[in-house]
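I opened this model to look up its charged pairs, its nonpolar packing and the positions that a database record marks. My notes follow in the order in which I looked.

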Amino acid sequence: MSKPELKVKPIKNGTVIDHITSNKSLYVLKILNLPNEDTNLSLAMNVPSKIAGSKKDIVKIENRELETKELKQVALIAPKATINIVRDYKIIAKDKIKFMSELDSILKCTNPNCISNADEPIESKFHLIKKSPILLRCHYCERLINEKDIDQQFS
């Protein structure tokens, strides 16, 4: 029996987002404003997952480590994702994505009458009500935002 080969080549430096919910990696790319001409990336979709017992997506971003705000945004789409920081082909840090209890200026409230959607200098703010499935409450108008609402904003 031959040794299995890697389907996606390793990266020398950068970030690997693993265990993204199947078929959600394109939303993750949109959140991160990828692809662009300055960033090399690899994308694998519907890859068999031993942990989940089903399928997952993987995004590898070369020469870029994600910032805290970007990680908060990724958590909205892929709350079970794992973030791996790679340097010189070695994983130097590995952590589950952390979903914050408060999210600022990441989403828009779905209530058109919310003050955060007016011409006021106010950024949106949401409080986490439930992680699975995701349920958020607007700080200003108390409108509930679910996963479907979130997906629509990033699609």
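**Entry 1: Asp18**

What joins the side chains of Asp18 and Lys56? I found a polar contact of 3.0 Å, a polar contact being a pair of N or O atoms within 3.5 Å, where within protein one atom must be able to donate a hydrogen and the other to accept it, and where residues adjacent in sequence count only if both atoms are side-chain atoms. Before going on I noted that this is a predicted model, in which local features need pLDDT of at least 70 and side-chain atom pairs count only at pLDDT 80 or more, while totals for chains, interfaces and linings use all residues. I also noted that residues are numbered from 1 along each chain as its sequence is written, and that side-chain values use heavy atoms, with hydrogens and water left out.

The side chains of Asp18 and Lys56 also meet in a salt bridge, at 3.0 Å from N to O; the term asks for a side-chain nitrogen of Lys or Arg within 4 Å of a carboxyl oxygen of Asp or Glu. This pair links distant parts of the chain, with Asp18 in strand S1 and Lys56 in strand S3, 38 residues apart. I took helices (H or I, at least four residues) and strands (E, at least two) as DSSP runs, numbered from the N terminus. Asp18 counts as buried because its relative accessibility is 14%, and Lys56 is buried with a relative accessible area of 11%; buried means under 20% relative accessible area, exposed over 50%, and partly exposed in between, with a 1.4 Å probe and protein chains only. Leaving aside neighbours within four places in sequence, I listed the contacts of Asp18 as Lys56, Asp57, Ile58, Ala81, Thr82 and Asn84, a contact being heavy atoms within 4.5 Å.

**Entry 2: other charged pairs**

I then asked how many salt bridges the rule gives, and the count comes to six. Side chains of opposite charge can pair when their charged atoms come close. One of the salt bridges is between Lys24 and Asp151, whose closest N and O atoms are 2.6 Å apart. Here too distant parts of the chain are linked, since Lys24 is in the loop between S1 and H1 and Asp151 is in helix H3, 127 residues apart. Both of these residues, Lys24 and Asp151, are buried.

Arg64 and Glu70 also meet through their side chains in a salt bridge, at 2.2 Å from N to O, and Glu70 counts as buried at 13% relative accessibility. Glu70 is in turn among the contacts of Glu65, which also include Gly14, Thr15, Ile85 and Arg87 when neighbours within four places in sequence are set aside. I placed Glu65 in the loop between S3 and H2, where at 38% relative accessibility it counts as partly exposed. The side chain of Glu65 makes a polar contact with that of Arg87, at 3.0 Å.

**Entry 3: the nonpolar core**

Next I looked at the largest nonpolar core, which has 32 residues, and among them Ile17, Leu32, Leu76, Leu107, Leu136 and Ile150 touch the most other members. By definition such a core is a set of buried Ala, Val, Leu, Ile, Met, Phe, Trp, Tyr and Cys residues joined through side-chain atoms within 4.5 Å. H2 gives the most to this core, with four residues. Domain 1 (14-96) and domain 2 (102-154) both contribute residues, so the core lies between them; the domain bounds come from an automatic or database domain assignment.

I checked which elements the buried residues of H2 pack against, and they are S1, H1, S6, S8 and H3.

**Entry 4: the recorded cysteines**

Last, I turned to UniProt, where an unreviewed entry lists Cys109, Cys114, Cys138 and Cys141 for "binding site"; the positions are given in the numbering used here, feature names are shortened, and annotations may be inferred rather than shown by experiment. The four span 33 residues in sequence, yet no two of their C-alpha atoms are more than 8.8 Å apart, so they gather at one spot.

Cys114 is in the loop between strand S6 (102-104) and strand S7 (125-130), and at 2% relative accessibility Cys114 counts as buried. Cys138 lies in strand S8 and is buried, with a relative accessible area of 2%.
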